[in-house]
Amino acid sequence: MALLFCDAFWGTDFMDQSGYDAILQRLHDGRHMCKDVEDLLKMRALAEEKYGRDLVAIARKAEGQTEIGTLKASFDKFKAEIEKAGNLHIQLSERIKEEVLKIEVFREHQREQRKKLEEIIEKLQKPKMVLHKKTMESKRLYEQRFKEADEAEQAVGKKTNVNASTHRQSEKVMNRARLCRQAANLAEKQYRWNVDQLEKTSQDWESTYRSACEVFQQQESERINILRCVLWDHCNLLSIQCVRDDDCYEEVRKILEQCDIITDNNCFIKMKKTGSRPPAPIEFQCYSDVDTNGGVGRVETNRLSVLLPRIPSSGCSEAGSNLGGTYTPAQQRGGGTEEKYMVLYDFKAQENDELSVSKGQVVTITEQGEDGWWRAWRDGISGLVPGTYLTKISPHSTHLAATHPECDPIK
C-alpha cells in the first residue's frame, strides 16, 4: 500500500511547519542527487571519450609493416578492430552525454514547478501566521474583558447589599459594570471574527498544502523513476558496448585461426630465398713434389673448406723443396677404384643422401664427384661427404707429417 505525503506531513499544532520543512528538505536532497548522477555520467562520458581516442591513436600509431603473410593480415585486422572499438567508445560517450542532458532538462523543469508551488504556499502561510497572531491577541483581550465585566457585576451585587451605600456610588458601579460588559461583548465579537477569518485562511492553506503535497510526491516519484531509468539505460549501453567489443575481438580471433606458421615460413622462403646448397669450397693448391731435375713433378690439389686451419705457405714451400710427393691428387675422377681416406674434420649429415663421419675415422671412397662431394663407405653404410674433409692414407703423408707438422693434413 502506497503512503501519501498529504497524510503524513502535518504539524503537531497550528504553527508547526516541521512536515512542510521535511518535504522541502527531501526535494532539496533529490535535486542534489540528480546533480550527483549528472556529474557521474559526465565523468564517465569523458572517460569513455578519452579511452576511445586513446584506442584510435594506438591503432594508428602501431606499424607492423615489416611482417608478412597471415600474421601480417591478423595484425592489420587487430589494429582495425582496435580502432573500431575506439570509435564505438566515442559514440558511447555521446550517448551518455545525451542522458546527462535529459537529467538536466528534467531537473530544471522540476525546479520551476516546485518554485511556483513554494511561492503559493508562502503567500498563504504569511496571512495565516498574521491572523493566528491577531486571533491569539483578541482571545487574550476577550478573556480579560470578560473577567473585568464579571468583577464589575460582582461589585454591583455587593453595593446593593450594603444599606449605607449612596445612590450615586451605586450608579457609578452599575455604569462601570455596563461598560465592561459592552467591552467584553465587543472583544468577543472581534475574537469570533478573527477565529472565523483564521478558519477560512487555514482551510485555504490546508487545501493548497494538500495539493502541493500531491504535486511534491508526484515530482519525487518522477525523479526516482527517471534516475532509475537513466541508470538502467546506462547499464544497457555499457552491456551493449561490451558485446560490441567482444564482436570486434571475435573478428580478430577468426582471422588468427587462419594464421599458419608453415604458410608464413614458406612465404618468407619464397620471397627471400638465396640458394639451396652451401657455396662451393675454396680450392687450395700446394706444390710440394719436385723431381730430381728440379722441376715440378706432381701437383696435389685439395678442396679445403674455409674452416680448415691456415697452413703457412713458407712451410709448404720448404716441404716441397725437401720432400718427394706427399699427397695423392684429390681431383681423381672416375670413381672406379676404391681408396682409403682418413677424416680430417667432423661432419654431420644434413640430407638423406649424406653420411655423418667423425675426425680420425677411415672411410672407403668409391666415387669422387666434380662438385666436391665424394661417395664414401663406412661400416656398410654409403653416403656423400665433402672431399675437403678427407685425406688419402699413404706412406708419403705419414712421412710429411713426421717431417713438417705444419703441412700435416690431419692437423
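Okay, quick definition before we start: by relative accessible area, a residue is buried under 20%, exposed over 50%, and partly exposed in between, using a 1.4 Å probe and protein chains only. With that in hand, Arg181 counts as partly exposed because its relative accessibility is 21%.

Some background, then. This is a predicted model, where local features need pLDDT of at least 70 and side-chain atom pairs count only at pLDDT 80 or more, while totals for chains, interfaces and linings use all residues. Residues are numbered from 1 along each chain as its sequence is written, and side-chain values use heavy atoms, leaving out hydrogens and water.

Back to Arg181. You'll find Arg181 in helix H3, residues 167–256; helices here are DSSP runs of H or I with at least four residues, strands are E runs of at least two, and both are numbered from the N terminus. Leaving aside residues up to four places away in sequence, Arg181 touches Phe146, Ala149, Asp150 and Glu153, where contact means heavy atoms within 4.5 Å. Take Ala149: 32 residues separate it from Arg181 along the chain, yet their C-alpha atoms are 4.9 Å apart.

Now, is His132 buried or exposed? Buried, because its relative accessible area is 16%.

Last stop, the strands. E5 (residues 373–378) and E6 (residues 381–386) run antiparallel, joined by six bridges; DSSP has to find at least two for strands to pair. Trp373 has Pro386 in E6 as its bridge partner. Two residues lie between the strands of this hairpin, and Asp379 takes a positive phi near 55 degrees.
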